[in-house]
Amino acid sequence: MDLKILITWLIPLFPLSGWLLWGLFGKYFKGLSGYIASGFVVASFILSVVLFFIVAYSHGFTDTLYPWVYAGIFKTGVSAVIDRLSVIMLVMVTGVSALVHIYSIGYMQGDKGFSRYFSFLNLFVFSMVMLVISNNLLLLYVFWEAVGFCSYILIGFWYEKKSASDAGKKAFIVNRVGDFGFAVGIFLLFATTKTLNYEAVFAAVPSIPAYTTTIIALLLFAGAVGKSAQFPLHVWLPDAMEGPTPVSALIHAATMVTAGVYMVARFHVIFSYSPAASEVVLAIGTFTAFFAAFIALTQFDIKRIIAYSTVSQLGYMFMAVGIGSYTAGIFHLISHAVFKGLLFLTAGSVMHGLSGELDLRKMGGLYSKMKTTAITFIVGGLALSGIPPFSGFFSKDAVLADIYNKGFYFAWVVGEITALMTAFYIFRLIFLAFFGESKLDSDKHAHESPKIMTIPMIILAAFAVIIGFLGMPPFNDSLFYSFLHTDFKNAYNFAPFVNDTPWYALSFISVLAGLSGIYIAYILYIKKSVDPERIKSIFKPVYILSYNKVYIDEIYNFLIVKPLLVFFDFLWKVIDVKVIDGAVNGIAGAFAGFSVKARKIQNGMLMSYILTLSIGAAALLFYYFIR
Amino acid sequence: MDFFIKNLLSVLIFFPVVSIFLLLPVNKKNEWLLRNLSTFLSLVEFIFSLYLFIYFRPNTYKFQFVEKFNWIPSFGASYFLGIDGVSLFLILLTTLLTFVSLLSSYRYIKTHVKEFVILMLLLETFMLGTFAALDVLLFYLFWEFMLIPMYFIIGMWGTGNRVYSAVKFVLYTLSGSLIMLFGLIYIFIMHYDQTGNFTFNILRLYNTHISDGLQLILFIALFLGFAIKIPLFPFHTWLPDAHTEAPTAGSVILAGVLLKFGVYGFFRFAIPLLPRAAFALAPFVIDLSVIGILYGAFVSIVQKDLKRLVAFSSVSHMGFIMLGLFAMSAISIDGSVIQLLNHGIATGALFLFVGMLYERMHTRQIKDFGGIAKKAPIFTALFMISVLASVGLPGLNGFIGEFLILVGAFRSYPVLTIIGASGIIFAAVYLLWMFQRVMFQGVTNPAAENFEDMNLREIITVLPLIILMFFIGFYPMPFLERIDPTVLHFLSAINHHKTVYNLIKLKTGLSNA
Amino acid sequence: MHNMPSIYGMNFLEKSMLSIIPETVIIIFAFMVLFLAFFEKLAKRKNSYYLSLIGIGFSILYVLMLSDRNISGFYGSVVFNGFEVFLFIAILLSGMFTVLMSKDYMENFGMPAPEYYSLILFGLSAMMFLVSSNNLIMVFLSIEFMSICAYILTGYIKGDTRSTEAALKYFILGAFASAFLLFGAVFIYAATGHLNLYAIHSFLENISYAGSNKAVGGIGIKIYISAGLVMFLVGLAFKMSLFPFHSWTPDAYDGAPTPITNFMATGIKLAAFAIFLRIYSLIYNFNIMNFNDILWLLAVFSMTFGNIAALLSSNIKRLLAYSSIAQAGYILVGIIGGGFYGYSGTLFYLLSYVFMTAGAFAVVIIFENSDIISLDIKRYAGIGYKYPFIAAAMSFFLLSFAGIPLTSGFMGKFYVFSSAVKSGYNWLVLIALLNSAFAAFYYIKIIVKMYMPDKEPASPSLNSSDDNLGIISGTIDDGLMLTIIICLILTLLMGVLPQIFINFANNSADLLWRI
Amino acid sequence: MNNYLIVASIIFCIGALGVIVRKNLIVVFMSLELMFNAANLGFVAVSNRLNLISGDIFVIFVIVVAAAEAAIALGIAIAFYREKGTVDIDKANELKN
């Protein structure tokens, strides 16, 4: 076997064997499983880097491991596509995973589900890797759902908590709603093109009718909406914070939730041939970016704030891919993975230090006690806010610049406002948590996390600083762009550049927005020259709306869940039991009634017997005489 | 050995009967020997059936392991056995599930062990015979007598309202079967009128010329028999009762094998015999299937009894299978056949787990459970895998089947397929909700405190099913390469009738108006 | 017998005697049994019991010896051919079962033995005469002979009001129906001027070919023949217990001693159907008056009424009586179906009906004898666990009644129903099939009682038997066991490997068909 | 001959009515005899008209059978009377349903 092919399949094999190992024999390994599991993922990471360079210095390839589902004309294999897009994703996924694995050794120390945790985590890495490298839609769909499943079990990892198991279930089911659309999209795609292989599909797309392409693209996008927690299916992600924090870092920030973006980028041919669908992607992305940031403004749960921030940032990525700037979208994906992973890990560190406390109102002044955590957190915060030279600045700016230059001014304005809000809420968090007076309960002694946790944080922080330079502006001349954009050469250029505004002008506005957000937070929470309560009371309805997450959960519950449950109950108790079964039993009852009547004929009286007989005879005779 | 392979089907069919004679002399008080011997014999049977798989030539649609002897020359009935890719796997499923359910009954069946194991083995004979028979009369013989052991199993070892359930089961299915018998007799006579020969050879009966109107009537007759067995909405109401009250082994066999007969009947008899009617009525059947998918799922959501929930989920899953079959595309029928196996495996496993829960907690009410995951990690893990297989999680078996069905059906019936596909959402809702309420959260019932994890026997019971879930999910080719030629041949044999499909539709439309 | 002269070379008496040898043997043995009563030493129950069995055995032997003959004796009044061979054997088997069942039962009810057995034998001979009769006089005489034996046997339990009442009802209704039969014969005679069935047949054939309406005495022959045949049919339908001429059946079955119930259910029914089959194929089956639609109605009503009435019966004998009305309806389907296959199917069904009915009644008698369980179905609760073999056998017979495959009942139903479909009686078959689905309920009800009682241990007096098959040895009469085993094997055999029985029935039907 | 047959039919009907209407066992038996004899009349008439002998032979047999039946009938009647103390057929109502 070719070496690169061997490497390709070894990357998923390591975590897969890890899963089997801990799943079957976890209890014999005890604490060791964490190290070996991390070792596996690190090995995958190293192989990914090797593969990255192989691809970077030669060219991409595909390989089929074995024929998988052959039914009639439906033929799909377990096959991988290794091109520049997938190696970048691979490096990111395995890299962040490796760090999160190492971090988890410290974070999950002493948990009785230690081995189970690593087995699930390994399974997730396997699924995510397969998702990235799969070369046909069926395989993609399989791992698309598999990562959702991993998310489900990891969110509900502490299943004894009702909220945790509820959240897991919710994540799974909401994802299923999106996946349903995704699946229908695949059906339609197959019905139109008779294949699910990427190359063949992409080759066929330009020749299929535009409206079909649009429908397919929208249906596929429905899957992305679910997986990447875009409005209106975003509801599961904030609840998903019930899971262990490293899981949030890995799955709900860096990797799984970005699968939607990856998918749109991967299917750029389909999306780019349907400007309408791309516009929907842009619209949903824009709205979600704003909407989630709006909710994040007023939350008090650190993880939820970061979660809404993730939703919002994913919105940016969709904005990018929605206008056809796939490279920019992927760039933001990568840099976001780094800094959002970092934010979650540091938030986890805070939790670890505070024995699980998450409420902002009960924190404060942690800076002095947890220096490493605080600094790395601030690095992440700055990156998120888009302050140069942190990575967020480069990537977000790449996105916003493209949006402006392609003429989507409204989206651009919303993006800038969101950037302001982003900077505000993340620094609100930072100020409330790390600065000011400590409002901790007396029994909680904040302490710094062990090295095994802080080192991954530091590594990520370092990356959050340097990775942005790959996209050194102007983005379209950058290293990252030149590396990746060849993969998107088949895309139909439906949104050409209309402006040629220089990058620094646009960056200036973005940075201004970010800085003003930070400044507002500073005024409100550090300087306290304006009382937050006053702002709150001025914008009371808006505040309540934001604080209650725009009541989306309640609306769903009231409009969909409850009426459906009543309807289902009706189906069972009335239609099934009374109508259908009632009819069956009714027939039986009717026969019993006939039986009573029939037996009355047999009343024991000789006279009536003779009469019956005679009437019978007479009837027969009569019948023959009237004929 | 050569003789053994040549007559393998007969050996398989009659080995359980021989086993019964081995069991008869055993003292009924010696339950240990009865259980172990019967389990061992069913294992031997399963191993025999693996020879079928080994010696089965893939990539051909021809019937294999054919045996043919004159049986009732006056009726043209013969002892005619043979299997193709579809029946091969159903036979394997039957032998496996019989072994599994015998193994699962060590704790559940406490009384009349001897009668129980004898009935189970008897049932196995009839199930295998039904799948292997290529002679209509022989098929019917096996088909209908199968009810009797099952009836006893439900009625004698069931719980609660077992007699009502057992009688309902028998009468429901018997009514359908007898109407079906009428249809079969009619075709038999028609064939005689056309050729002057009595024959029940199904391959010969396929050539009977039947006019369109008659096809519709006969199809309805056959439809009733098979649809009740499946059960297709709205003929399903026997199923929840039977499933709920049956002992674990009974539920496993009922869900795992008996429900398959209806679909198998459509595949082997109703559609090839009456292709024009099948094409004309396919939209109607698909409507019912899709209603069944959703209806089963919806009603499952509000169930309070674990077994009833799983039973209604069967209604939903069987709807998928019928959708695939009547979509009449190679992909979807492949999917249906795979899904037949999957449903047997996954639902069978679910019933096994529910049975274990019942053995330990003596309740089936969902609200009485909770927090079991903490006490029994192995149980939780394996139960979860089964639940997920039933949900249709990719990577496990259920997905392959459902996906192929939906992909295949989509081209002909896009809207209905989409509606049906939404069933996968609801499957996740009811199964995960059930799983959460049973396994997760805190312990509410004190009985759950002492919940034992699975012992070795129980693990061995479910392990083959779990392995198959992964195997079919990751590598379905050994199955597909045997099923696919059969299905393609099936379609090529009936497809030329598709051209008249619109004509018939028009005609029936006119006559209805 | 190979040295016997060819039938064509025989003189009248030889030929005539040859045609009634089986009957004669039975009658001789009947008298021998009767004479046993005169000798105190020999008048033990056992002797007459064995003597009867020997007589039946001899008769079967003679039937088998003559099986390839085609004889017509007494100026064509009596015929003996393949048709008779089949039915003689069926009737003799039914008689044999009746005798086998009777031994313990008689002791329990203290009935005098020799007369009883000789009456059974006389009844048997009457049935055989009826089957082989080819003349209206013979038909009437044998029916009356048979009925008189049955009347007496029905009321045989001395001092039992139920038995007497059953006899009374049976007698009055029977005589009333016989009067119809006789009066029907008058009209047939008036229309055709013949009493020989073949002669009537050819007469009708001639006029149906000629298409003439030749008057006898001015009134259209069609009216005469219609009236005659309808009234004749009433008489025969009574014996076949078809609705609405069934009303005696439940009461007579209920009140009669159970072996006699079996005798009536199997023997009399066999003979009645046999003669009807012959007369139908000779006379009724003519185009000039289509009797099939009336038979259609009778069949539908019989099976529906029988099944519906049986549904709530709690007395097992009455239940079986109603069921036999329904079964008569099914058998009639075969006759309506007609043709070679219809006749053959009917005969096959009749034979299978004998075995399953005899088996079921044998089980009923076992429980009646052992005094632990009355005739109430409720008392059958839990016997499946106490007497596994007997209960299993009973279940099997009941399943056979219900027409579940693997039993002769299924093959029989299948045979007659397919012949009816072949003749185009689709609705009839559909109704019959729905009926059998519905009927399964009450058969299964008994199985439910046996195996799935509400509370398990039925009665404390019944200790769980230690032996594996659960046969309570010693308390069960060998004759009953033998009956059950024979019936079980034959019911299974006819259900699984029916070909030899079908061949047998085909041979027999062949002769009817060729007419 | 038609007239004879009409008369016979009338007698037959009278007999049948007697069986239906009368409750006394003995009268019922007599009515049954009447029915048989109506048939006899028919046979004799037809036999005479068609100049055949078979009808007459039949009649002789019927008479014999009727005699035998009468014997049985009386036997049953006596048994019934012994047990019930009456010959009212309505009292025979133990077996029903």
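1. A:Ile560 is placed in helix H24 of chain A. In this predicted model, A:Ile560 has a relative accessible area of 45% and is therefore classed as partly exposed, because that class lies between the buried limit of 20% and the exposed limit of 50%.

2. A:Ile560 belongs to a nonpolar surface patch of about 780 Å². Two elements of chain A, helix H23 (540-547) and helix H24 (552-601), each give two or more residues to the patch. The greatest contribution, six residues, comes from H24(A).

3. A:Leu233 is found in the loop that joins helix H8 (210-227) to helix H9 (236-239) of chain A. Its relative accessible area is 16%, so A:Leu233 counts as buried, the limit being under 20%.

4. Which residues does A:Leu233 contact, leaving aside its neighbours within four places in sequence? The contacts are with A:Val174, A:Val177, A:Gly178, A:Ala222, A:Val225 and A:Gly226. For A:Val174, which stands 59 residues from A:Leu233 along the chain, the separation of the two C-alpha atoms is 6.5 Å.

5. On the assembly, five pairs of chains touch, and the pair formed by chains A and B has the most contacts among them. Chains B and D, by contrast, do not touch. The nearest C-alpha atoms of chain B and chain D lie 25 Å apart.

Technical notes. Residues are numbered from 1 along each chain as its sequence is written. Chains are lettered from A and ligands numbered from 1 in the order in which they are written. This is a predicted model: local features need pLDDT of at least 70, side-chain atom pairs count only at pLDDT 80 or more; totals for chains, interfaces and linings use all residues. Side-chain values use heavy atoms; hydrogens and water are left out. Contact means heavy atoms within 4.5 Å. Patches are made of residues with over 30% relative accessible area and no salt bridge: like charges are joined within 9 Å, nonpolar side chains (Val, Leu, Ile, Met, Phe, Trp, Tyr) within 5 Å. Accessible areas come from the Shrake-Rupley method with a 1.4 Å probe; for residues, only the protein chains shown count as cover. A salt bridge is a side-chain nitrogen of Lys or Arg within 4 Å of a carboxyl oxygen of Asp or Glu. Helices (H or I, at least four residues) and strands (E, at least two) are DSSP runs, numbered from the N terminus. Buried means under 20% relative accessible area, exposed over 50%, partly exposed in between (1.4 Å probe, protein chains only).
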